[in-house]
Amino acid sequence: MKEIEVNDDEWMRIKHKLMTSTVEDALSDYTAPLRIVHGCEYVTFEMGNDDSESDH
């Protein structure tokens with residue numbers, strides 16, 4: 001998985017977009033799978049099938 005460290009401005013932009021839109025829209029500038037890191041905080045972005053059915 002690729003890891004990208006972002007600056008303060010980019011991190012605030014990502015957090016704002018995550019609170020106001022879908023994950024896919026908020027992270028449309030990035031290609032999954034990837035981890036976006038800012039200090040000790042991070043967001044992991046992976047695309048795939050929802051396997052929550054298999055947890056039952």
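Reader: What makes the contact of E10 with R13 a salt bridge?

Author: A salt bridge is defined as a side-chain nitrogen of Lys or Arg within 4 Å of a carboxyl oxygen of Asp or Glu. In this predicted model, the closest N and O atoms of E10 and R13 are 2.6 Å apart, so the pair meets the definition. Residues are numbered from 1 along each chain as its sequence is written, and side-chain values use heavy atoms, without hydrogens and water. Because the model is predicted, local features need pLDDT of at least 70 and side-chain atom pairs count only at pLDDT 80 or more, while totals for chains, interfaces and linings use all residues.

Reader: How are E10 and R13 placed in helix 1?

Author: E10 and R13 are three residues apart in helix 1 (residues 8-20), and therefore about one helical turn separates them. Helices (H or I, at least four residues) and strands (E, at least two) are DSSP runs, numbered from the N terminus.

Reader: Why is R13 called partly exposed, whereas D29 is called exposed?

Author: Buried means under 20% relative accessible area, exposed means over 50%, and partly exposed lies in between, with a 1.4 Å probe and protein chains only. R13 has a relative accessible area of 25%, so R13 is partly exposed, whereas D29, at 55%, counts as exposed.

Reader: What joins R13 to D29?

Author: Their side chains meet in a salt bridge, with 3.3 Å from N to O. This pair links distant parts of the chain, since R13 belongs to helix 1 and D29 to the loop between helix 2 (23-26) and strand 2 (34-38), 16 residues apart. Salt bridges with shared partners join E10, R13 and D29 into one network, and the structure holds two salt bridges.

Reader: Which residues make up the largest nonpolar core, and what makes it a core?

Author: A nonpolar core is a set of buried Ala, Val, Leu, Ile, Met, Phe, Trp, Tyr and Cys residues joined through side-chain atoms within 4.5 Å. The largest one has ten residues, namely V6, W11, I14, A26, L27, Y30, L34, I36, V43 and F45. Helix 1, strand 2 and strand 3 (41-45) are the elements that give two or more residues to this core. Contact means heavy atoms within 4.5 Å, and L27, leaving aside its neighbours within four places in sequence, is in contact with I14, L18, I36, V43 and F45.

Reader: What makes strand 2 mostly covered?

Author: Four of the five residues of strand 2 are buried.
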